[in-house]
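Hi,

Here is the structure I said I would pass on. Have a look first, and my notes follow below.

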Amino acid sequence: MKPRQPIKRKKYLDPATVIVIKQVLLGLLIFSKVATIITTVWYVTRISRLTIETISVSGGITINEEIVKAKAEEKLAGAYLKIIPRRFAYFYPEQEILSNVSQIERIKDVKVERLSGKEIKISFSEHIPDTLWCSQEDDSKCYFFDSTGYSFGVAPTLSGESVVRYFSSENKAEIGRRPFSPEDYEATKQFTKQLGEIGWFVTKVEINSARDVFYTLSQGGELKATLTEDSAKAFSNLETILQSKEFGHLKPGNFKYLDLRFGSRVFVNEELETIISTSTPTSTEAVVE
């Protein structure tokens, strides 16, 4: 008799072990694909022709272009998730650059656009000083107004009266604000200009919440007006008064104030000096025909 051959038994893996192996293999596969994707992204986003290298700047008069470039460079440094460079042309931080450049004093209307895979362009204009907005508490602390009455920058300490100073009784003077509407601001400038044409030069303009305006004249005296009425009408009333026989002598320095806030009724307050150097204010109402 032939010896009996041993029976070979098939070995089966434990089901739990099979699951673990499958999970490991799947994990390796996913890791491999993710690694491949990351590697591909890493290299593609560093291709020279897709990397921002040039920043061109246009616009402005007094703002240094290098300052604008430096603000943009700040936002192009580094990488997203330490993988994609912020200089990659298709993902460069346009809005961050726009916001950072817009913080430069005097700058406005900033635009950022990509010209190619290697260049972006920043264009802008700038606020031009028009008048000053000064603090009620300290009139040496002032900010520049642009032509619309927007405060855009800190003004240096200026002596003399060559620049008109504005004051607001309701708003604290600070940068980045518009205490008056552009229309009201323009109306006061027009009235100031008309006064200058007859030799009455304004140094200070104060506007309150009721839209009353107080113009201080460099030679002395004050004009009171209101923005609720047309400034051209107020100036016309003033001219009529000055052409009259009774008030033709009025000029800056010989009256305390002229009140033009009541339409055709103009109030005149003169200071009459006596021989003992005291002053007696007299108030007269003039009716404009």
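A quick definition before the first item: a nonpolar patch here is made of residues with over 30% relative accessible area and no salt bridge, with nonpolar side chains joined within 5 Å. Also keep in mind that this is a predicted model.

On the surface, Val20, Ile21, Val24, Leu25 and Leu28 make up one such patch, and together they have about 450 Å² of accessible area. Val24 sits in helix 1 (residues 15-44). Its relative accessible area is 46%, so Val24 counts as partly exposed. In soluble globular proteins, nonpolar side chains tend to be buried together.

Now the inside. The largest nonpolar core has 32 residues, and Trp200, Leu223 and Leu238 touch the most other members. Several elements supply at least two residues each, including helix 4 (182-197), strand 12 (222-226) and strand 14 (265-273). Helix 5 gives the largest share of this core, five residues. Leaving out residues up to four places away in sequence, Trp200 touches Leu223, Leu238, Pro252 and Phe255, among others. There is also a second, separate core of 18 residues, which includes Ile52, Ile63, Tyr92 and Ile120.

Last, some backbone angles. Most residues other than glycine have a negative phi. Which values turn up at Asp109 and Arg211? Phi of Asp109 is near 50°, and phi of Arg211 is near 70°, both positive. Asp109 is in strand 4 (residues 107-114) and is exposed, at 54% relative accessible area. Arg211 is in the loop between strand 10 and strand 11 and is partly exposed, at 32%.

Cheers

How values were computed:
Residues numbered from 1 in each chain as written. Predicted model: local features only at pLDDT ≥ 70, side-chain atom pairs only at ≥ 80, totals over all residues. Heavy atoms only, no water. Patch = residues over 30% accessible without salt bridge, like charges linked within 9 Å, V, L, I, M, F, W, Y side chains within 5 Å. Areas by Shrake-Rupley, 256 points an atom, 1.4 Å probe, with all protein chains shown as cover. Salt bridge = Lys/Arg side-chain N within 4 Å of Asp/Glu carboxyl O. Helix = DSSP H or I, 4+ residues; strand = E, 2+ residues; numbered from the N terminus. Buried < 20%, exposed > 50% of the residue type's maximum accessible area, 1.4 Å probe, protein only. Core = buried A, V, L, I, M, F, W, Y, C linked by side-chain atoms within 4.5 Å. Contact = heavy atoms within 4.5 Å.
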